[in-house]
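Subject: Handing over a structure

Hi there,

Here is the structure I promised to pass on to you. Have a look at it first, and then read my notes below.

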Protein chains: 2
Amino acid sequence: MVIWFTGLSSAGKTTIAEAVEKQLCQAGLAVQVLDGDQMRRSLCRDLGFSNEDRIENIRRIGIVASLLERNGIIVLVAAISPFRQARNEVRKLCDAFIEVYVNAPIDVCEKRDQEGLYAKARRGEITHVTGIDSPYEPPLQPDVECRTDREDVPECVNKVLRATQDRFPLALDN
Amino acid sequence: MVIWFTGLSSAGKTTIAEAVEKQLCQAGLAVQVLDGDQMRRSLCRDLGFSNEDRIENIRRIGIVASLLERNGIIVLVAAISPFRQARNEVRKLCDAFIEVYVNAPIDVCEKRDQEGLYAKARRGEITHVTGIDSPYEPPLQPDVECRTDREDVPECVNKVLRATQDRFPLALDN
């Protein structure tokens, strides 16, 4: 199973993915998180932030995720992955693909601004920032939507885990 | 554990890797083969055959191999991987790395020429063919050396399996 967290920078993708990881590991399942930022420092370090490079970035992470999935690992991908078509291509590669839209309004993300990206973009120091001058195409029918501006982390985690119940029944809080 | 088969095209890397895979699977172990040709059609499809691109190819396969290894999968990589330094970089990424030098003289490889590469190179239709106009740096101290011009497949497989015995004791034929 591949659980794919998509959304703007600072929407909460990694936070939720890591909290889900914790729950699944505690249940004795084999889990691997693929974090977009980490992948950009390793597998995808040759890529920039043009639309073309972003699509290639999603493609490569998708290939690795599907390889891990084929080996019985639950893969949690946390990556902006702004393009709908590219995400749908990954879905085709996977056996079970759960798309989680980690959704917070951009002004909320901008207030969090964990990596200082938005501030740099506003100061004109960087370009190609998703939601500012680079597009984000939200999922039209996400399997799960987490509204991180009004749902806390445990709520979001439970929503995700409920969506995995068919395959991995866990004891949930609610 | 990552078992990395390096050698010229048509030296027998994939043949031995797949035979090793069969043995390990029969022993109930989780195994994934990463074949260089397949990787070039998927994860590395943007890469060509310049030295730089070959190094990047090895680097990416190495990252994926180490990710799988971290999840308890035995990874068998069959890729020309002509550059010593690049292979050594992968070794550093892995927990246990077994370098298998699949060694046959180039004239033997050229007679087999499974993909018709050497014939095309001789006809001047392609360039950047390892062993013809692109370098191959053999391992200086391979963990295993298979001389596929004078050892048959079962012999080679046994040599490889013997090198894995510390971690995965299997019943071997000899």
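Two strands pair if DSSP finds at least two bridges between them. Helices (H or I, at least four residues) and strands (E, at least two) are themselves DSSP runs, numbered from the N terminus. With that in hand, B:F5 stands opposite B:V100 in β4(B).

Before going further, a word on what you are looking at. This is a predicted model, in which local features need pLDDT of at least 70 and side-chain atom pairs count only at pLDDT 80 or more, while totals for chains, interfaces and linings use all residues. Residues are numbered from 1 along each chain as its sequence is written, and chains are lettered from A and ligands numbered from 1 in the order in which they are written.

How confident is the prediction? For pLDDT, the predictor's confidence in each residue from 0 to 100, the mean over chain A is 95, and 96% of the residues of chain A reach 70 or more. The model as a whole has an ipTM of 0.91 and a pTM of 0.93. Where pLDDT is low, the predicted coordinates should not be read in detail.

The sheet in chain B

Let me start with chain B, where five strands form an open sheet in the order β2-β3-β1-β4-β5, with parallel pairing. At the edges are β2 (31-35) and β5 (144-147) of chain B, each with a single partner strand, so one side of each has no neighbour in the sheet. From one strand to the next the twist averages 15°; axes here are lines fitted to C-alpha atoms, for helices over the stretch in contact, and angles run from 0 to 180 degrees between N-to-C directions.

Strand β1 (residues 2-6) and strand β4 (residues 97-103) of chain B run parallel and are joined by five bridges. Helix α3(B) packs on the sheet and touches β1, β2 and β3 (74-78) of chain B, its direction making about 160° with that of β3(B). Contact here means that the C-beta atoms of two residues, placed from the backbone, lie within 7 Å. Helix α7(B) packs on the sheet too, touching β1, β4 and β5 of chain B, and its direction makes about 180° with that of β5(B).

Two helices that cross

Which helix does α7 (residues 153-163) of chain B pack against at an angle of about 65°? The partner is helix α1 (residues 13-26) of chain B, and the two axes are 9 Å apart. Their crossing is right-handed; a crossing is right-handed if the near helix is turned clockwise from the far one by less than a right angle, and left-handed if anticlockwise. On the α1(B) side the contact involves B:T15, B:I16, B:A19, B:V20 and B:Q23, which meet B:V153, B:C156, B:V157, B:V160 and B:L161 of α7(B). Eight of the residues in this contact are nonpolar, two are polar and none is charged. In that count, Ala, Val, Leu, Ile, Met, Phe, Trp, Tyr, Cys and Pro are nonpolar, Asp, Glu, Lys and Arg are charged, and the others, Gly among them, are polar.

Chain A and how the copies meet

In chain A, an open sheet of five strands has the order β2-β3-β1-β4-β5, again with parallel pairing. Within the sheet, A:T6 has A:Y101 of β4(A) as its bridge partner. Helix α7 (residues 153-163) of chain A lies across β1, β4 and β5 of chain A and runs at about 180° to β5(A).

How many residues of chain B are in contact with chain A? There are 13, and they meet 13 residues of chain A. Helix α3 (residues 51-70) of chain B gives the largest share of the chain B side, six residues. That side divides into seven nonpolar, three polar and three charged residues.

Finally, chain B is superposed on chain A by a rotation of 180° with 0.0 Å of shift along its axis (RMSD 0.0 Å), fitted by least squares on the C-alpha atoms of residues with pLDDT of at least 70 in both copies. This is the relation of a two-fold axis. The same surface serves both copies, as 100% of the contact residues of chain B recur in chain A.

Enjoy exploring it!

Best wishes
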